[in-house]
Amino acid sequence: MENSTPIQQVQHTDAALLDAYSQTITGVVNTIAEAVVHIQVTKKAYDRQTRQERLTPGSGSGFIISSDGFIITNHHVIENATSIKASLADGRLVTAELKGTDPSTDIAVLKIYETNLRALSFADSAQLQPGQIAIAIGNPLGLQHTVTAGVVSALGRTLRASNGRLIDDIIQTDASLNPGNSGGPLVNSLGQVIGVNTAMIPTAHGICFAVSSNLTAYVAGKLIIHGIVKRAWLGIAGQSVNLTERMRAANKLTAKTGVYIFEIVADGPVYNNELRTGDIIVGFGQKEVASVDDLHKQLNDQVIGQRTQLHVLRGGHKLSLTVIPGEMK
C-alpha cells in the first residue's frame, strides 16, 4: 500500500480581495440606501373584457437628487399615472408631484415637499470604463432595499424607448435588475450615480441597461426648469467610437472619440441628405463632438430649423456637411 500524504488545505490568496469587495458593496449600500425610494402609482388601463378604462396599481424605484425633494425615476414607471406616491426609507408615504418627463430618454423627475433629505450625487459617466464595479439598488416593495452588484459590461449601447426612438449612450451591466427596481440608481464604488436602471432583456440572463449619469443630469435639469426637454433631432442613430491616432493626427483632432452613424432616418422637418451611414461625427458648428452626450447638448431648441455645419470623418478624411435639425416630437 502506497504511503498517503495528508490532504493540505490550500489557502486562497483571493480571500482578502473578496472581503474587500464585500465591504465595498455593503459600505456603499449603507451610505446611499436612505436616498432610494419606492414609487407607487395608479394608472389608467384599458380592460379588453369590459371595454372600459379601469385603474390599476404600478410601482418602481427612484432616488433623491436634492435635499429639498427632487426625485429621478423612469418615464415608464409613472407613464399615464393618475396618482404618484413615494415611500421613503423611514416609512413615510408622501404624495409626489410630476415635474416633467422625457419619454425619449425614459427619465422623469418628481417632487416631494419634504426637507433635509439624503441626496445622491452624479459621477461623470464619460470617465467610465468596462470592468468597473456597478451596484444596482432599488426599493421595489417599500419595505426593504434589494441590491445586485457586478461590473460595467459595455458602454455606448442604444436602447429603444417606449416612444420608438433610440436612447443613445446606454450603459450595459451584468448587475441583474430585479422586478420593481426600474428607476433606481446604478452607482460606482464611491456611491455616486453612474446611471439610472431602465430595462433588462428577459431572454438574456443578467443583461441590464442604464441611462448614463451625464445624460440623466442634463435631462433632469431641463425637466426641473422647463418641465419638458425641447430638443433638435438630426434623424440619425449613433454611438461613440474610438478614433485611431492616424485619424486624429491627419485631421488635427484633439478628442479620442467620435459618434459613429449607423442609421439615418429620412424625415420631413430634418435635412440630413448629405450624411451617410458610417460617417463619424467629430464636430457640430464650432463645438467639438467626442460623444453622444456632446451631440445631445448641441441639439438644443436653439438650433431647430437652423442651417448648421456638421463635421464628420468619411474614409478617414474630415468633411463639413450642411444639416438642418428638426424638432424632436
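Predicted model: local features only at pLDDT ≥ 70, side-chain atom pairs only at ≥ 80, totals over all residues.
Start with the overall picture: the protein chain has 329 residues, and 46% of them count as buried. Its secondary structure comes to five helices and 21 strands.

How do the contacts run along the sequence? Take those with a separation of 6 or more: 62% of them link residues 24 or more positions apart.

Now go inside. The largest nonpolar core holds 31 residues, and F63, I72, I107 and V219 are the ones with the most contacts within it. Which elements give two or more residues to this core? On the helix side they are α1 (15-32) and α3 (213-226), and on the strand side β3 (70-74), β7 (107-111), β8 (133-138), β10 (166-173), β12 (193-200) and β13 (208-212). The top contributor is α3, with five residues.

Setting aside residues up to four places away in sequence, I72 touches G62, F63, I65, I107, A108, V109, F122, G183, V196, T216 and A220. Two of the names on that list, F63 and I107, have already come up among the core residues with the most contacts. Apart from this core lies another one, of 17 residues, including A232, L275, V289 and V292.

Finally, have a look at Y271. Where does Y271 sit? You'll find Y271 in the loop between β16 (257-264) and β17 (280-284). Is Y271 buried, exposed or something in between? Its relative accessible area is 29%, and because that falls between the 20% and 50% cut-offs, Y271 counts as partly exposed.

As for its surroundings, Y271 is in contact with T322, V323 and I324, once neighbours within four places in sequence are left aside. The side chain of Y271 also makes a polar contact of 3.3 Å with the side chain of E274. Then there is G235: this residue is 36 residues from Y271 along the chain, yet the C-alpha atoms of the two are separated by 8.5 Å.

Notes: Residues numbered from 1 in each chain as written. Heavy atoms only, no water. Helix = DSSP H or I, 4+ residues; strand = E, 2+ residues; numbered from the N terminus. Buried < 20%, exposed > 50% of the residue type's maximum accessible area, 1.4 Å probe, protein only. Contact = heavy atoms within 4.5 Å. Polar contact = N/O pair within 3.5 Å; in protein donor to acceptor, adjacent residues only side chain to side chain. Core = buried A, V, L, I, M, F, W, Y, C linked by side-chain atoms within 4.5 Å.
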